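Dear colleague,

I am passing on the structure we spoke about, and I would be glad if you could look through it alongside the notes in this email.

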Amino acid sequence: MFKRTRSLLCLCVATALSTPPSMANSLELPDIGTTASSTLSIAQELQYGDAYMRMLRSSKPIVNDPVLSEYISNLGHKLVASADDVKTPFTFFMIRDKNINAFAFFGGYVALHSGLFLHAQSESELASVVAHEIAHVTQRHLARSMEEQAKRTPATIAALAGSLLLAIASPQAGMAAITATTAGSMQGRINYTRSNEKEADHFGISTLVKAGFEAQAMPRFFGRLADEYRYASKPPPMLLTHPLPEDRITDSRSRAQAYPKTRISSSLDFHLARARVIARYAGVSAKAAQDWFDRAEKKTSAQIQPAFQYGRALVHLDNKELDQASRILHSLIKNDPNNTFYIDALTDVYIHQNQPAKAEAMLVKALKASPNNAVVTINYANALIKLDKYEDAIRVLQRYTHDHPTDMNGWHLLSEANIRAGHSSEDLAARAEILALKANWNKAIQYYTQASQLAELGSLQQARYDARIDQLMVERERFLALQ
């Protein structure tokens, strides 16, 4: 999809995350709405965002971890609630990649690499990166950059948007393409990029502060990153799309100093999420993870030490050292019984110990405290399956997938429950939804067609399958039209 000339790929550097220079206390911001709307409408941005997200699901290692998804989403939406000019819904997700990077694209999608958790030392530092990305979306930098490119290139909207989206997650290709452009054209893009970055830093720090985070976190994180990779022969992708010259760091420091300094207590949830990433998504051995927890714990306050115990418990759990994991998690949950990080892990221990009834009892209690919590609900459905309560699980998962239609976990579990219950057509329907989320339209339609053939002729079930086939065909044509 989106096969266009390489020269257009360079627009990435003027879109996803690029180079800001000097302080902009006197920054004059353009009229965002009129500038971007002449090129791409909000509705079109949503279409492109949905299409690209489906492509990412099929090509990138998206982390479909309900606990981390909940944490990232909560953090992101806390920032969005304090942002200006929000015109789209936002979706936050993680890609399993040890490289430090983040990017945003049409439709309010914001991707964080798991490597960010290895380098951010506080929730405010992580939030500063997310706030910067949110600003790129709210200020419609992709659409505005596309308009700037359209003035120079006789290309279609589809060609320009396609080039932007392809380049976002491939900064090296964008940088390579820039070297092939003329000096004048390249300078125009760099200038426009710097304007975008000024706005992203300006709005990002403002959002950060209004959401209750530390303004100094942005220059601190970027400064540390610049120092660490100043002489690296191969900088991380984030520095290819976020160049960090000294004037950018100075600029962000000046902005941050305009806000009162605040003391923010350490976030246990951030450190729990970080421990989960290190234990499961950092690509290190169990011993290396345990050594990291031991070293890090010595340097931190007692307030966040439970995060390191939790990380050790996950390593034990994943190595099937269930007694050790159980002891740690029982101690943690005793002091914090409604913590979903602990509930998720301890119920997994029960299931691995062939005690799903204990998991069910814990999750029923947790659901009473948080009836609509996604982490608890998905774990509850899994426990019901392990207890052979397939019809109960199906009812829970039907509601869950209705409320969370893009969560692959729900569809996978619904497929499993229907297989075990002997509902072949419903299994096919659940698997079709997974395929559609990855833009595999033809296979999804094929599965629904098979499901329709298995259903009773003239039944409501068959009518539902046929109606979904019609919907998928429309979505496929809309998707293909974006090429």
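This is a predicted model: local features need pLDDT of at least 70, side-chain atom pairs count only at pLDDT 80 or more; totals for chains, interfaces and linings use all residues.

Residues are numbered from 1 along each chain as its sequence is written, and side-chain values use heavy atoms, with hydrogens and water left out.

The unreviewed UniProt entry places a "binding site" feature at His132, His136 and Glu197; UniProt positions are given in the numbering used here, with feature names shortened, and such annotations may be inferred rather than shown by experiment. These residues are spread over 66 residues of sequence and yet cluster in space, the largest C-alpha distance being 8.8 Å. His132 lies in helix α5, which covers residues 123-138, and His136 is found in helix α5 as well (helices are DSSP runs of H or I with at least four residues, numbered from the N terminus). His132 counts as buried because its relative accessibility is 1%, and His136 counts as buried at 5%, where buried means under 20% relative accessible area, exposed over 50% and partly exposed in between, with a 1.4 Å probe and protein chains only. The side chains of His136 and His132 are joined by a polar contact of 3.1 Å (a pair of N or O atoms within 3.5 Å, of which, within protein, one must be able to donate a hydrogen and the other to accept it, and residues adjacent in sequence count only if both atoms are side-chain atoms).

Turning to the aromatic side chains, the structure holds 15 aromatic pairs, meaning rings of Phe, Tyr and Trp (its six-membered ring) with centres within 6.5 Å, counted as stacked if the planes are under 30 degrees apart, edge-to-face if over 60 and tilted for the rest. Among them, Trp292 and Phe293 form an edge-to-face pair, 5.8 Å centre to centre with 85 degrees between the planes; Trp292 is partly exposed at 24% relative accessibility, whereas Phe293 is buried at 0%. The rings of Tyr448 and Tyr465 have centres 6.0 Å apart and planes at 55 degrees, so this pair is tilted. Because Tyr448 lies in helix α23 (residues 441-454) and Tyr465 in helix α24 (residues 460-481), the pair ties together parts that are 17 residues apart in sequence. Tyr448 is buried, with a relative accessible area of 5%, and Tyr465 is buried at 0%. Finally, Tyr52, Phe93, Phe103, Phe105 and Tyr109 form one aromatic cluster.

With best wishes

Notes:
Helices (H or I, at least four residues) and strands (E, at least two) are DSSP runs, numbered from the N terminus.
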